[in-house]
Amino acid sequence: MTRIKDGLAELVRIDSVSSRSNVEIVECLEKRCGALGLVTRRFPYFDENGVEKINLIALTKATDEIELALVGHTDTVPYDPNWTEATNLTERDGKLYGRGSCDTKGFIAAALTAVETIELSKLTKPLALIFTADEEIGLRGAKKLAQAKPLRVRYSIVGEPTSLKPIRAGKGYSLAEVTVRGREAHSAYPALGASAIFRASRLLKHLESLAEQLKHDRHAAFDPPFTTLNVGLIHGGTAKNVLAGECRFTLEWRPIPTQPSEHLINLFKQAIDEETSKEPDFQCEVDASRQDTGFETAPDSPLIKLLENATGLESGTVAFGTEAAQMKTLGSEAVVIGPGDIREAHRTGEFVPVAELERCAEVLRQSIKQLCSA
Ligand SMILES: [Zn+2]
């Protein structure tokens with residue numbers, strides 16, 4: 001195997017499913033970065049289960065003003081224990097199979113190879129490698145860094161499988177739990193109670209028309225070009241002959257970056273107020289637990305131009321959340337790019353094509369050279 005494949009095999013061998021600690025993979029990355037003469041800094045925290053997680057930053061220079069950051073998450077989604085290749089990188093027909101090969105250890109291996117093959121002493125501007133924890137369970141590691149703001153970063157290249165297409169904008173991701181309450185009663189005497197399910201159904205009607213309304217605020221770069229919403233789960237009632245006392249549903253929406261996440265919540269609260277004015281004891285709680293913002297970098301940003309030239313591919317957008325939004329908080333113009341296809345990620349049999357992996361290292365090498373040399 002070549003150096004880049006060996007490097008990827010080493011990362012895949014370490015089981016770094018999000019529920020586990022990522023200390024082992026961080027130690028491995030620290031060693032590799034240390035060997036290149038990079039300065040490393042750990043940002044540890046304990047997750048909600050008391051498991052230690054670490055965000056690791058490796059710098060060409062001890063400074064907090066960074067010109068370019070290459071960002072990759074160290075965690076992966078879980079894998080089927082029967083998938084024998086999951087932690088044993090296997091090559092077949094020009095593809096490398098293993099958990100994380102595509103999402104996102106392939107990018108990390110490419111970034112390390114890029115740095116290994118550059119004369120770092122010739123760089124005039126500081127470069128950082130940022131390795132995050134808990135991306136797959138809500139971008140938690142990146143959010144910690146965005147809060148702590150240990151660095152200011154001018155340009156970020158965030159690794160995610162995009163088949164090397166530069167992604168210059170992404171939709172946000174928001175989630176709320178809605179609990180509607182009613183009054184239980186025997187279903188033979190509905191006038192004695194109030195059905196939480198019927199109440200919820202009125203809110204769902206509002207949401208259906210809000211989904212239509214959202215279509216008018218357009219952002220042409222996206223497909224579909226507007227904020228979408230979904231009620232994916234609903235649960236209510238205790239028995240067929242009892243008026244439901246409670247009904248809960250999830251409300252998920254993906255705002256275009258030009259629209260604040262609160263926009264839909266505000267519209268939804270107006271709908272709730274409307275229902276309450278018709279029925280004074282109408283009860284509903286909205287717990288908006290997640291509001292990840294999207295990101296957008298201008299099409300004429302030097303970073304986007306550079307990556308379009310290096311890959312020969314026009315930049316695009318994605319409808320899912322990435323760590324690019326947190327990098328924006330650190331002052332960055334950001335782009336998302338990486339080897340492998342997002343449709344192959346998160347599956348048994350996840351793979352990265354060798355040619356794309358090697359091409360990615362070359363693209364990152366060019367990016368470092370152009371952005372970090374005067
Ligand atoms: Zn990923």
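Biologist: Which residue forms a salt bridge with Glu67?

Modeller: Start with the general idea. Side chains of opposite charge can pair when their charged atoms come close. In this predicted model, Glu67 pairs with Arg154 in a salt bridge. Their closest N and O atoms are 3.3 Å apart. The two sit in distant parts of the chain, 87 residues apart. Glu67 belongs to strand S3 (residues 65-73), and Arg154 to strand S7 (residues 152-159).

Biologist: Is Glu67 buried or exposed?

Modeller: Buried means under 20% relative accessible area. Glu67 has 11%, so Glu67 is buried. Arg154 has 46% relative accessibility, so Arg154 counts as partly exposed.

Biologist: How many salt bridges does the count come to?

Modeller: The count comes to 30 salt bridges. Some residues join up in a network of salt bridges: Arg183, Arg199, Arg202, Glu279 and Asp281.

Biologist: Where in the chain are the partners Glu116 and Arg3?

Modeller: Glu116 is in helix H3 (residues 105-116), and Arg3 is in helix H1 (residues 3-13). They are 113 residues apart, so to speak in distant parts of the chain. Their side chains meet in a salt bridge of 3.7 Å, N to O. Glu116 is partly exposed, at 22% relative accessible area.

Biologist: How do I read the packing of two helices?

Modeller: Two packed helices are described by the angle between their axes and the distance between the axes. Here the axes of H1 and H3 come within 9 Å. They cross at roughly 135 degrees. That angle makes H1 oblique to H3. The crossing of H1 past H3 is right-handed.

Biologist: Which residues make the contact of H1 and H3?

Modeller: H1 gives Arg3, Ile4, Gly7, Leu8, Leu11 and Val12. H3 gives Lys105, Gly106, Ile108, Ala109, Ala110, Thr113 and Glu116. Arg3 and Glu116, the salt-bridge partners, are both in this contact.

Biologist: How do the residues of that contact divide into nonpolar, polar and charged?

Modeller: Seven are nonpolar, three are polar and three are charged.

Conventions. Residues numbered from 1 in each chain as written. Predicted model: local features only at pLDDT ≥ 70, side-chain atom pairs only at ≥ 80, totals over all residues. Heavy atoms only, no water. Salt bridge = Lys/Arg side-chain N within 4 Å of Asp/Glu carboxyl O. Helix = DSSP H or I, 4+ residues; strand = E, 2+ residues; numbered from the N terminus. Buried < 20%, exposed > 50% of the residue type's maximum accessible area, 1.4 Å probe, protein only. Axes fitted to C-alpha atoms, helices over the stretch in contact; angles between N-to-C directions. Parallel < 35°, antiparallel > 145°, perpendicular 65-115°, else oblique. Left-handed = near helix turned anticlockwise from the far one by under 90°. Contact = heavy atoms within 4.5 Å. Nonpolar A, V, L, I, M, F, W, Y, C, P; charged D, E, K, R; others polar.
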